[in-house]
Amino acid sequence: MSTHALQAISPIDGRYASKTVSLVPYFSEEALIKYRIQVEVEYFIALVEQPLPQLKDFDKSLFEDLRSLYKDFSIEDAQTVKDTEKVTNHDVKAVEYFIKGKFDALGLQEYKEFIHFGLTSQDINNTAIPLSLKEAMNSVYVPNLLEVKEKLAELATDWAEVPMLARTHGQPASPTRLGKEISVFVNRIDEQFDLLNNIKSAAKFGGATGNFNAHKVAYPDIDWKAFGTKFVQEKLGLHHSFPTTQIEHYDHMAALFDCLKRINTILIDLDRDIWTYVSMDYFKQKIKKGEVGSSAMPHKVNPIDFENSEGNLGIANAIFEHLSGKLPISRLQRDLTDSTVLRNIGVPIGHTLIGLQSTLKGLNKLLLNRSKFEQDLENNWAVVAEAIQTILRRENYPNPYETLKGLTRTNEAINQTSIADFIETLEVSEEVKKEMRAITPANYTGI
């Protein structure tokens, strides 16, 4: 297999490899093997600590030697497992044989049949994969998401007092402030992040059909349900799903993917808004020497970072949607389709990571074009009509909405002078007129 980036099939391992390399320790084939070994080793240690009668004389000082099998796991070790898999045609069995070989090397032959004791392969996969996913989320995804959110929060503060013409249905609407519009996205991300943190990292652990059948028949007096829960929750730091079939039911993982999809949707909304503001000349972009915006038009500086982000987040969401819809469905006690699609969970997270980094890069290139904001506000004095008619309502003025509608729904330009002249025609007190004259598009921005 070629490892040259130019020969990669997927852009997340090729063109964008530098942006996704942080996910390799969690979602690569090597990583999956390492996490499987971690579960197998910790399970054996838990059996010793139980203790099973046949393991009561095991030297506990060797625990760290066993843990070194995954802590010091190398690409050469991974290749050894893959070579064994060519013979076994079973990936988890190859892991078991690898560990047994290490037990032989440590002189622990008499204990090696308690490796993978009573388990099915999904007891390993349905703990290893949730564990890798949880650690990837905490170590890679969350820091990248928070970096984007913190940048948005910084811009919301910097631009808090920049008045801006709002647009609803694409038409001029009641003015707002740029910082407030950015803070909308900060709040949306915060609320989804809270939901994300409440989703359990769940794992299945219970034998061939989830009932600890083999464990129970070998050691009927042990509370294997309590053992399994303690192992999954205290040793691995995951939530023990019980009862289950042969596999984890994946409802919690589906919830995670749905939440990641919603956060991506929020970011796509942000990307499109910023893209539109750039097209409206509200923002210029920092120019990097040597960069080309267009192969044909030398003047162009395209908002490519937001476009790149939108595209990658869209691909991620398509895969997240398939994962969350497919994983919770499995025929009877188990079919193989979950295993097939689980191998792809790093793909949408990879595209999401690219999207987050592209959005952040684009945000860091924005330059505020304040004069354009001011120009748009000055060209749209009609938006203060809402303010005037609301004050007239307060004063119980007859038909205020219809009165302002007659002024503003024409093809003639509405400006400061025409608004001032209109105010003079109103039969209200001078104090109220003074109140209305003070309203401008730039200061009619609410709270």
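Trainee: Which backbone oxygen does the side chain of N144 reach?

Mentor: A polar contact is a pair of N or O atoms within 3.5 Å; within protein, one must be able to donate a hydrogen and the other to accept it, and residues adjacent in sequence count only if both atoms are side-chain atoms. Here the side chain of N144 reaches the backbone oxygen of V140 at 2.9 Å. Please note that this is a predicted model, in which local features need pLDDT of at least 70 and side-chain atom pairs count only at pLDDT 80 or more, while totals for chains, interfaces and linings use all residues. Residues are numbered from 1 along each chain as its sequence is written, and side-chain values use heavy atoms, with hydrogens and water left out.

Trainee: Where is the place of N144, and does N144 count as buried or exposed?

Mentor: N144 has its place in helix α7; helices (H or I, at least four residues) and strands (E, at least two) are DSSP runs, numbered from the N terminus. Buried means under 20% relative accessible area, exposed over 50%, and partly exposed in between (1.4 Å probe, protein chains only). N144 counts as buried because its relative accessibility is 17%. Leaving aside neighbours within four places in sequence, N144 is in contact (heavy atoms within 4.5 Å) with L353, L356 and Q357.

Trainee: At what angle do helix α3 and helix α7 pack?

Mentor: Two packed helices are described by the angle between their axes and the distance between the axes. The axes are lines fitted to C-alpha atoms, for helices over the stretch in contact, and angles run from 0 to 180 degrees between N-to-C directions. Helix α3 (residues 29-49) packs with helix α7 (residues 121-158) at about 115°, and their axes are 9 Å apart.

Trainee: Which residues in α3 meet α7?

Mentor: L32, Y35, R36, Q38, V39 and E40 in α3 do so, and their partners in α7 include I124, A128 and L131.

Trainee: What is the omega of the peptide bond from Q50 to P51?

Mentor: That bond is cis, with omega near -10°, and P51 belongs to the loop between α3 and α4 (63-71). The peptide bond from F242 to P243 is cis, with omega near 0°.

Trainee: What is the phi of H116, and is H116 buried or exposed?

Mentor: H116 has a positive phi of about 65° although it is not a glycine. With a relative accessibility of 13%, H116 counts as buried. L332 also has a positive phi, near 50°, but L332 is exposed, at 74% relative accessible area.
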